[in-house]
Amino acid sequence: MRRLGLLGGMSWESSVEYERLINEAVRDRVGGVASADLLVRSFDFSVIEALQAAGRWDDAGVLLADAAGHLVLGGAEGIVICTNTMHRVYDQVAAAVAPVPVLHIADPTAAAIEAAGVRSVGLLGTRFTMEQGFYVDRLRERHGLEVLVPDEPDRTLVHDVIYDELVQGVLSPSSRAAFQSVVGRLVDRGTEGIVAGCTEIELLLAPADVPVPWFPTTRLHADAAAAFALSD
């Protein structure tokens, strides 16, 4: 089994889900008491969040790239960035650890969308993920998907719920209902599926909460990581 290096703690609620899902996937494939061989670097999210808010992405990239390098020194054979938003610094991390692969979260997500026969998806995530090109452009340009993001004030609502509630472990029925309304407006605009482009959103919404196919990026990324760990 290949050893995985996880860059987590952004937030820890989501990286706990990553560890659970990767270990469950390994156990399901191997059986018995098998679990994943993991190295975990969990950040103090308050440090990362401050860099995000200040637009200091290069500084955040240095932190993650340095941590990824230490995971490789510890024997990691693949790196997983356990957050959608911090794929903003994917290129810095990948360059720091090459040729060790960094598994991009958008790629297994796109594969699941394509397998479902969906071409147009609505993307929910932090403001950074919804508004900056690092995520949307990968889905559009590499995978040929049409990607819609919520209009304002829906983008602000989604972003604020993520940071004010979800990353702090707060799961509010009123916020669930608000997210469902955001999804409904995306569907009215013609989207055929919804991408949960923030790992914590999967703690709030389930497939039954949306009227179109649901693409949970944490689970899809974790499944891809487990498959990589078990591949030759």
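The legends below describe several close-up views of one predicted model. Residues are numbered from 1 along each chain as its sequence is written, and side-chain values use heavy atoms, with hydrogens and water left out. Because the model is predicted, local features need a pLDDT of at least 70 and side-chain atom pairs count only at pLDDT 80 or more, whereas totals for chains, interfaces and linings use all residues.

**View 1. Tryptophan 57 and phenylalanine 128 form an edge-to-face aromatic pair.** Rings of Phe, Tyr and Trp (its six-membered ring) are taken as a pair if their centres lie within 6.5 Å, and the pair is called stacked if the planes are under 30 degrees apart, edge-to-face if they are over 60, and tilted for the rest. By this rule the count comes to three aromatic pairs. In the pair formed by tryptophan 57 and phenylalanine 128, the centres are 5.2 Å apart and the angle between the planes is 80°. The pair links distant parts of the chain, since tryptophan 57 belongs to helix 3 (residues 57-73) and phenylalanine 128 to helix 6 (residues 127-131), 71 residues apart. Helices (H or I, at least four residues) and strands (E, at least two) are DSSP runs, numbered from the N terminus. Tryptophan 57 counts as buried because its relative accessibility is 7%, and phenylalanine 128 is buried as well, with a relative accessible area of 14%; buried means under 20% relative accessible area, exposed over 50%, and partly exposed in between, for a 1.4 Å probe and protein chains only.

**View 2. Phenylalanine 134 and tyrosine 135 also form an edge-to-face aromatic pair.** Here the distance is 6.3 Å centre to centre, with 85° between the planes. Both phenylalanine 134 and tyrosine 135 are buried.

**View 3. Glutamine 52 is a buried residue of helix 2 (residues 45-53).** The relative accessible area of glutamine 52 is 3%. Leaving aside its neighbours within four places in sequence, glutamine 52 is in contact (heavy atoms within 4.5 Å) with Phe45, Trp57, Thr85, Met86, Phe128 and Tyr163.

**View 4. Helix 3 passes helix 4 (residues 90-97) in a right-handed crossing.** A crossing is left-handed if the near helix is turned anticlockwise from the far one by less than a right angle, and right-handed if clockwise. The axes of the two helices come within 8 Å and cross at roughly 35°, where axes are lines fitted to C-alpha atoms, for helices over the stretch in contact, and angles run from 0 to 180 degrees between N-to-C directions. Residues that make the contact include Trp57, Gly61, Ala65 and Val72 of helix 3, and Val93 and Ala96 of helix 4.

View 5. A disulfide is a pair of cysteine sulfur atoms within 2.5 Å, and a search of the whole structure finds zero of them. Cysteine 82 is buried, with a relative accessible area of 0%, and cysteine 198 is buried at 5%.

**View 6. A cis peptide bond joins alanine 98 and proline 99.** Its omega is about 10°, and proline 99 lies in the loop between helix 4 and helix 5 (106-115).
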